[in-house]
Amino acid sequence: MLIREAAAGDWPRIWSFWHRIVAAGETYAWDPDTSESDARALWMNPAKCVYVVEGDAGALVASAYLTPNYGGPAAGIANAGFMVDPDCGGRGVGRALADHVLAEAKAHGYRGMVFNAVVETNPAVRLWTSLGFTVLGTVPEAFDHPRHGRVGLHIMYRAL
């Protein structure tokens, strides 16, 4: 498994799983009907460091971005987003990508990382807590989950 910085030409392969994940409406607080051009602007924004994971035969199986969560005097706190192709879950791809992005965040001088809206039913909550993230708080019933109804959104943090 190779983790590298994304190139502009990677977007179509990221979009193939990005769209399925967001359209499912279970883990991201983005409009499930986000257009490809809007999705590209969200994910591949030049202000973000974007990474991809290449699996077997060079297939892209995951992507993540790293960006400041705040500006000005609070710019030392990072934010990140992660997506693993649903067909590749449970193989350690997410953990490997998370370890990589956390190391990159520290190398970029960030002092901590915050996730602003982690759906409390998202299986990745277990990954984040195993990597040292804590739930700072939960906004109750903030997310309309297609299977579970109204569920909370966690705000999670980890010092780097």
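Predicted model: local features only at pLDDT ≥ 70, side-chain atom pairs only at ≥ 80, totals over all residues.
Is Asn-69 buried or exposed? Asn-69 is buried, because its relative accessible area is 19% and the cut-off for buried is under 20%. Now show its surroundings. Leaving aside neighbours within four places in sequence, Asn-69 is in contact with Ile-77, Ala-78, Asn-79, Val-114 and Asn-116.

**Next stop: strands S4 and S5**

Gly-112, in S5, is the bridge partner of Ile-77. S4 and S5 run parallel, and 2 bridges join them. Of the 8 residues of S5, 6 are buried, so the strand is largely enclosed by the rest of the structure.

**Into the largest core**

Select Phe-82, Val-101, Met-113, Phe-115 and Trp-128. These residues have the most contacts inside the largest nonpolar core, which has 27 residues. Which elements each supply at least two residues of this core? They are strands S2 (49–54), S3 (60–68) and S4 (77–84), helix H3 (93–107), S5 and H4. Colour H3 on its own. H3 gives the largest share of this core, 6 residues.

Zoom in on Val-101. What does Val-101 touch, not counting residues up to four places away in sequence? The list is Tyr-51, Ala-64, Leu-66, Ala-80, Phe-82 and Met-113.

Apart from the largest one lies another core, of 16 residues. Among them are Trp-15, Trp-18, Trp-43 and Val-50.

**Aromatic rings**

Show the side chains of the aromatic residues. The structure holds 12 aromatic pairs. Start with Trp-15 and Trp-18. Their ring centres are 5.9 Å apart and their planes meet at 25°, so this pair is stacked. Stacked pairs have planes under 30 degrees apart. Both residues belong to helix H1 (residues 11–24). They are 3 residues apart, about one turn of the helix. Trp-15 counts as buried, at 16% relative accessibility. Trp-18 counts as buried too, at 1%.

Move to Phe-115 and Phe-133. Why does this pair count as stacked? The ring centres are 4.6 Å apart and the planes are at 15°, so the pair is stacked. Follow the chain from one ring to the other. Phe-115 is in strand S5 (residues 112–119), while Phe-133 is in the loop between helix H4 (124–130) and strand S6 (134–145), so the pair ties together parts that are 18 residues apart in sequence. Phe-115 is buried, with a relative accessible area of 5%. Phe-133 is buried as well, at 3%.

Together with Trp-11, Tyr-28, Trp-30, Trp-43 and Tyr-65, they form one aromatic cluster. The charged end of Lys-48 sits over the ring of Tyr-65, 3.8 Å from its centre.

**A hairpin**

Select S6 and strand S7 (residues 149–159). The two strands run antiparallel, and 8 bridges join them. Then trace the turn. The hairpin passes from S6 to S7 through 3 residues.

**Back to the start of the chain**

Select Ile-3, in strand S1. Ile-3 and Ala-96 are 93 residues apart in sequence and 8.4 Å apart in space, C-alpha to C-alpha. Show what surrounds Ile-3. Its contacts, leaving aside neighbours within four places in sequence, are Val-52, Val-53, Ala-96, Leu-97 and His-100.

Step along to Asp-10, in the loop between strand S1 (2–5) and H1. Buried or exposed, what is Asp-10? Asp-10 is buried, with a relative accessible area of 4%. Leaving aside neighbours within four places in sequence, Asp-10 is in contact with Arg-4, Glu-5, Val-52 and Leu-60.

**Last stop: cysteines**

Select Cys-49 and Cys-88. Cys-49 is partly exposed, with a relative accessible area of 28%. Cys-88 counts as buried, at 10% relative accessibility. How many disulfides does a search of the whole structure find? The search finds 0 disulfides.

Note on methods:
Residues numbered from 1 in each chain as written. Heavy atoms only, no water. Phe/Tyr/Trp six-rings, centres within 6.5 Å; stacked < 30°, edge-to-face > 60°. Helix = DSSP H or I, 4+ residues; strand = E, 2+ residues; numbered from the N terminus. Buried < 20%, exposed > 50% of the residue type's maximum accessible area, 1.4 Å probe, protein only. Lys NZ or Arg CZ within 6 Å of the ring centre and 35° of its normal. Pairing = 2+ DSSP bridges. Core = buried A, V, L, I, M, F, W, Y, C linked by side-chain atoms within 4.5 Å. Contact = heavy atoms within 4.5 Å. Disulfide = S-S within 2.5 Å.
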